[in-house]
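Good morning, colleagues. Please look at the display.

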Protein chains: 4
Amino acid sequence: MPAAGGKRVPRAVRERQMLDAAVAVFARRGFRAASMDEIAEAAGVSKPLVYLYLNSKEDLFTACIRREADALTAAVRDAVEAGAPPERQLWGGLLGFFEHTAAHPDGWTVLYSQARTVGEPFAAEVASLRARIVDFAAGLIAAACGGAPGAPEVAAYAYALVGAAESLAGWAATAPGPVPAGRELAASLMTFAWSGLSRAVPAQ
Amino acid sequence: MPAAGGKRVPRAVRERQMLDAAVAVFARRGFRAASMDEIAEAAGVSKPLVYLYLNSKEDLFTACIRREADALTAAVRDAVEAGAPPERQLWGGLLGFFEHTAAHPDGWTVLYSQARTVGEPFAAEVASLRARIVDFAAGLIAAACGGAPGAPEVAAYAYALVGAAESLAGWAATAPGPVPAGRELAASLMTFAWSGLSRAVPAQ
Amino acid sequence: MPAAGGKRVPRAVRERQMLDAAVAVFARRGFRAASMDEIAEAAGVSKPLVYLYLNSKEDLFTACIRREADALTAAVRDAVEAGAPPERQLWGGLLGFFEHTAAHPDGWTVLYSQARTVGEPFAAEVASLRARIVDFAAGLIAAACGGAPGAPEVAAYAYALVGAAESLAGWAATAPGPVPAGRELAASLMTFAWSGLSRAVPAQ
Amino acid sequence: MPAAGGKRVPRAVRERQMLDAAVAVFARRGFRAASMDEIAEAAGVSKPLVYLYLNSKEDLFTACIRREADALTAAVRDAVEAGAPPERQLWGGLLGFFEHTAAHPDGWTVLYSQARTVGEPFAAEVASLRARIVDFAAGLIAAACGGAPGAPEVAAYAYALVGAAESLAGWAATAPGPVPAGRELAASLMTFAWSGLSRAVPAQ
DNA sequence: GATGAATGAGGATTCATTCAT
DNA sequence: TATGAATGAATCCTCATTCAT
């Protein structure tokens, strides 16, 4: 079923329709397995139009990544309380992250599961997104424990923190049972990362 | 250039050569982008022989996953000091994990970056490996903080811990500069996860 | 050399060209031995276009069978004088049959020689054509000799009659010398089947 | 399951095993679709041995055809009462034909359904068998109605008769319900061909 | 007499991409 | 703005056939 169907739609709208369709298809199939045919059909347009607006499969995928990455970054940044103490900033960032990924599962799948395949030319795009997020985390961590943002140990903490968050988001996205809410995930991760397991006191 | 070249090799040996070559190629290209031609050439045999022994591209990839997953699981399990206190067990497991992934970067890449593409039939294989590792972590965490291994909070900690470890391993595998040693990664993660960032005292 | 050559042909026309080419190639080689490459070239188009319109080799072959079977059935039915006495109806049907098979030797070859290979999935299609013809013959025979159309003996006569007709058509199609005309074949078969050999009086 | 399994079997025996297996497989699949692997396995030997004894797939198929054709020809010839009046001779031949084909369905399938595919190099072999049978029939017919065995009309009758017999044999081989016995088929065909439909009086 | 190991060649099928309108 | 028609280039996979033992 075409998403829209109408004719003579302005370019900006059509492009958004195409990106929406592409993100959905790429999320379901992955970059290589997705076919331009399926994407065009999902967008409700003919293939030549997709090429006219988005040039190539690779460009299309890159556009998807960029859009989703920007949206995710913005969501996190907006959720951070600027000027607050590091712990509070971190809390806000995590909350924003988990809520955004839960609200946009296809975008998250594309970024986290499908765009990682190394060897593809768009890997750089994703790496750059991740680098931005890791740097942001490193800044908070450095502020919190008084280290230099570039110190290897701080970097290691930042990678650990980001990896932990990604893993939890992935868990929430694929867990079969009742999905934990973003607030709970953020709380768990705060406890885990901030206080440490040695002081964690489970619910019961 | 063929990896081995010799002729009339017994089947078991040839199969190992093929798996070695396949892991290398899959790590470089990903499942879809890798071609059976390239794999056969890398293994130093003709394509039909690969099909004769390993049936299909999918079966071949699954065999690679299984082999690497088993090796990784075994490495972690062997590195754990059975009967020791949880903290010590965790330390051993992390050390084993980081040392194995550093020693087998191709295997790690296949498992972590290439086999994750959702929608592919082998996804289950990787999910199962990860589930095993997460369960193991959950057991340690439950023992450490006195919760039930099945409690949602414990599960969340376990996912966080595993995600953090994966992220660090990925960092070590792709970082351009001097690669942090496994021992250092394990130490960072122990501090991060066990004591918490609030008590972390960076090197400087 | 492409059969048609022109470009930008409407789909319906192209499909007919493809079927024509396919029937010719299948008649010459048989289903398994025919290659899609050869068919595409004979149709004057590229292989992907054949797949786009006809899906698969098997579907293509089935489409050929169905087209030729329908044409043959229609030719026979149209040649039968409805309402006439059985003998006259039979005469018309045989004449129509022999004239159609002589006029479309490739179609006849595909139906009679190439589509019979048991074990192939399209066998059902041909069996159904044959069943239709045998049933029609059984009806005439029953009317002629006063038996029930479902009686085993009538069925046996019908199978015998149809087999005899097929054999004669095949003979006419492959005989090296001067090919007997349809009218002569029909006459011979009428004598053979209607009066019986015991009363047949050969030309000389 | 290997048919025999034993080792060091004398060549003649092994060859027979191979032909038996080949006829069964060719009957089920047809010439092109049958694979030497399947045949070798069905024969319980390794592929190289099949090649050592029978040279090539085509030679193997030709050998099958020749063996089955000879057996069929012999069965028919043995069933004919030499010196008897034509009608009696024909009766004997038909009986022999139907009983042999019913007793060797795989051989019949190979000859009648699988070896007909035109365009294959072994077509000549089958054509020659058929020619022998048609000639034999022509002789009887000529004797019965006083024509020259080479007259076109006599040839036509012979082709009709043989085609009718083949069709009945095929019907008996594939009919789902209770299979008509050879004696009944022969009787039906005698009535049909000898007395003609105009004088046929069905069972009821 | 018998086989495990190995391959050259070819066939079906798919896909990203482009004209011509 | 929008598309029906068309293709070059791969890719997976199979098979008849042969060595070396």
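Let me begin with the interface of chain D and chain C, where 6 residue pairs are in polar contact, both partners being at pLDDT 80 or more. Please keep in mind that this is a predicted model. Salt bridges between chain D and chain C number 0.

Which elements of chain D give two or more residues to the side that touches chain C? They are α1 (11–29), α6 (105–114), α7 (123–145), α8 (152–174) and α9 (182–195) of chain D. Of these, α8(D) provides the largest share, with 13 residues. Sorted by class, the residues on this side of chain D are 24 nonpolar, 15 polar and 8 charged.

As for the extent of the contact, chain D contributes 47 residues and chain C contributes 48 residues. About 4,000 Å² is buried between chain D and chain C, and carbon and sulfur atoms give 63% of that area.

I now move to chain A and chain B. How many residues of each chain take part in the contact? The contact involves 47 residues of chain A and 48 residues of chain B. The buried area between chain A and chain B comes to about 4,000 Å², with 63% given by carbon and sulfur atoms. The search for salt bridges between chain A and chain B returns 0, while 6 residue pairs are found in polar contact across that interface, again with both residues at pLDDT 80 or more.

On the side of chain A that touches chain B, at least two residues each come from α1 (11–29), α6 (105–114), α7 (123–145), α8 (152–174) and α9 (182–195) of chain A. Here α8(A) supplies the largest share, 13 residues. The classes on this side of chain A are 24 nonpolar, 15 polar and 8 charged residues.

Finally, the cysteines. A disulfide is a covalent bond that joins the sulfur atoms of two cysteines. How many disulfides does a search of the whole structure find over all chains? The search finds 0.

Is C64(C) buried or exposed? The cut-off for buried is under 20% relative accessible area. C64(C) has a relative accessible area of 0%, and therefore counts as buried. C64(D) is likewise at 0% relative accessibility, so C64(D) is also classed as buried.

Thank you for your attention.

Definitions and conventions: Residues are numbered from 1 along each chain as its sequence is written. Chains are lettered from A and ligands numbered from 1 in the order in which they are written. This is a predicted model: local features need pLDDT of at least 70, side-chain atom pairs count only at pLDDT 80 or more; totals for chains, interfaces and linings use all residues. Side-chain values use heavy atoms; hydrogens and water are left out. Contact means heavy atoms within 4.5 Å. Buried area is the accessible area (1.4 Å probe) that two parts lose on being put together, summed over both. A salt bridge is a side-chain nitrogen of Lys or Arg within 4 Å of a carboxyl oxygen of Asp or Glu. A polar contact is a pair of N or O atoms within 3.5 Å; within protein, one must be able to donate a hydrogen and the other to accept it, and residues adjacent in sequence count only if both atoms are side-chain atoms. Helices (H or I, at least four residues) and strands (E, at least two) are DSSP runs, numbered from the N terminus. Ala, Val, Leu, Ile, Met, Phe, Trp, Tyr, Cys and Pro count as nonpolar, Asp, Glu, Lys and Arg as charged, and the others, Gly among them, as polar. A disulfide is a pair of cysteine sulfur atoms within 2.5 Å. Buried means under 20% relative accessible area, exposed over 50%, partly exposed in between (1.4 Å probe, protein chains only).
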